[in-house]
Amino acid sequence: MLSFKTNILKFQKQGEKTGWTYIQIPAELAQKLNPNVKKSYPVKGFLDRFPISGMNLLPMGEGDFILALNANIRKGIKKKQGDSLFVKIELDPNKYQLNTELIRCLEENPRVYSFFQSLTPAHQSYFSKWIDHAKTLATKQERIAACYNAMVNKQSYPEMVKERKQTMRLD
């Protein structure tokens with residue numbers, strides 16, 4: 001297990017990652033965790049005392065990786081940008097299972113499902129985890145519909161989120 005202390009960072013302008021809160025895993029630490037791997041891979045462990053699993057380290061070039069900290073994690077660790085964080089992670093051998101209701105819905109339209117399958121596994125999991133984190137059945141159903149519409153329009157997860165934010169501002 002890899003243990004280190006770091007500070008929480010936030011992207012100002014970084015394409016689809018603009019606004020993301022994250023921690024950086026420098027190349028030398030990433031090499032200890034998963035030698036010679038330069039693409040995304042799953043990890044589990046603890047951020048301070050908050051358990052995590054099924055999360056992917058994302059490559060940033062030059063051997064460095066990041067771990068995105070979504071709102072649920074930030075609430076769990078009770079920290080924000082600039083705060084110090086103790087990280088204890090290891091490879092997670094359990095592959096994340098995509099939301100079965102989403103998959104069933106997408107499979108009803110081969111063209112839509114084909115587009116979903118053309119997305120990277122990390123991008124597929126963004127959609128799926130967004131659905132998994134819904135707190136009510138109504139929200140879950142609304143999110144499945146939004147994902148379906150995004151696939152119809154051949155949108156990536158960040159494109160869907162951006163469009164949803166713009167639509168909410170217009171209402």
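## Pockets: terms and model

Pockets are found on a 1 Å grid over the protein atoms alone. A pocket is an open set of points with protein on both sides within 12 Å along at least five of seven lines, whereas a cavity is a set of points where a 1.4 Å probe fits but cannot get out. Lining residues have an atom within 4 Å of a point. Grid points are joined across faces, edges and corners, and a volume is the space filled by probe spheres set on the points.

This is a predicted model: local features need pLDDT of at least 70, side-chain atom pairs count only at pLDDT 80 or more, and totals for chains, interfaces and linings use all residues. Residues are numbered from 1 along each chain as its sequence is written, and side-chain values use heavy atoms, with hydrogens and water left out.

The largest pocket has a volume of about 1,500 Å³. Its lining holds 43 residues, and W20, N70, A71, W130 and Y157 lie nearest its centre. At least two lining residues come from each of β5, α2, α5 (121–132), α6 and α7 (157–170). Helix α7 gives the most, with 9 residues. Helices here are DSSP runs of H or I with at least four residues, strands are E runs of at least two, and both are numbered from the N terminus. By type, the lining of the largest pocket splits into 18 nonpolar, 14 polar and 11 charged residues. Ala, Val, Leu, Ile, Met, Phe, Trp, Tyr, Cys and Pro count as nonpolar, Asp, Glu, Lys and Arg as charged, and the others, Gly among them, as polar.

The second largest pocket has a volume of about 540 Å³. It is lined by 23 residues, with S40, N56, P121, A122 and S125 nearest its centre. Two or more lining residues come from each of β4, β5 and α5. Helix α5 gives the most to this second lining, with 6 residues.

Seven strands form an open sheet in the order β1-β7-β4-β5-β6-β3-β2, with antiparallel pairing. Two strands pair if DSSP finds at least two bridges between them. The edge strands, β1 (2–7) and β2 (9–10), each pair on one side only.

Strand β4 pairs with β5 in the antiparallel sense over 6 bridges. Across that pairing, P42 has N56 of β5 as its bridge partner. The two strands form a hairpin with 2 residues between them, and D48 in the turn has a positive phi of about 55°. Strand β4 is also joined to β7 by 5 antiparallel bridges. There, K44 stands opposite E90 in β7. Strand β5 (residues 50–61) runs antiparallel to β6 (residues 64–68), with 3 bridges. L58 stands opposite I66 in β6.

## Helix α6

Helix α6 (residues 137–152) has 16 residues. It reaches 23 Å from its first C-alpha to its last, close to the 22 Å expected at 1.5 Å a residue. That expected span is 1.5 Å times one less than the number of residues.

The buried residues of α6 are R143, I144, A146, C147, A150 and M151. They cover an arc of only 165° around the axis, which puts them on the same side of α6. The arc is that of the directions from the helix axis to the C-beta atoms. On the other side, L137 and A138 are exposed. Buried means under 20% relative accessible area, exposed over 50%, and partly exposed in between (1.4 Å probe, protein chains only). Just after α6, K154 takes a positive phi of about 55°.

## Loop residues

Most residues other than glycine have a negative phi. N36 has a phi near 65°. N36 sits in the loop between α1 (27–33) and β4 (41–47), and is exposed at 68% relative accessible area. K78 has a phi near 55°. K78 lies in the loop between α2 (71–77) and β7 (84–91), and is exposed at 72%.

Is L119, by contrast, buried or exposed? L119 is buried, with a relative accessible area of 13%. L119 is found in the loop between α4 (110–118) and α5. Its C-alpha is separated by 13 Å from that of I103, 16 residues away along the chain.
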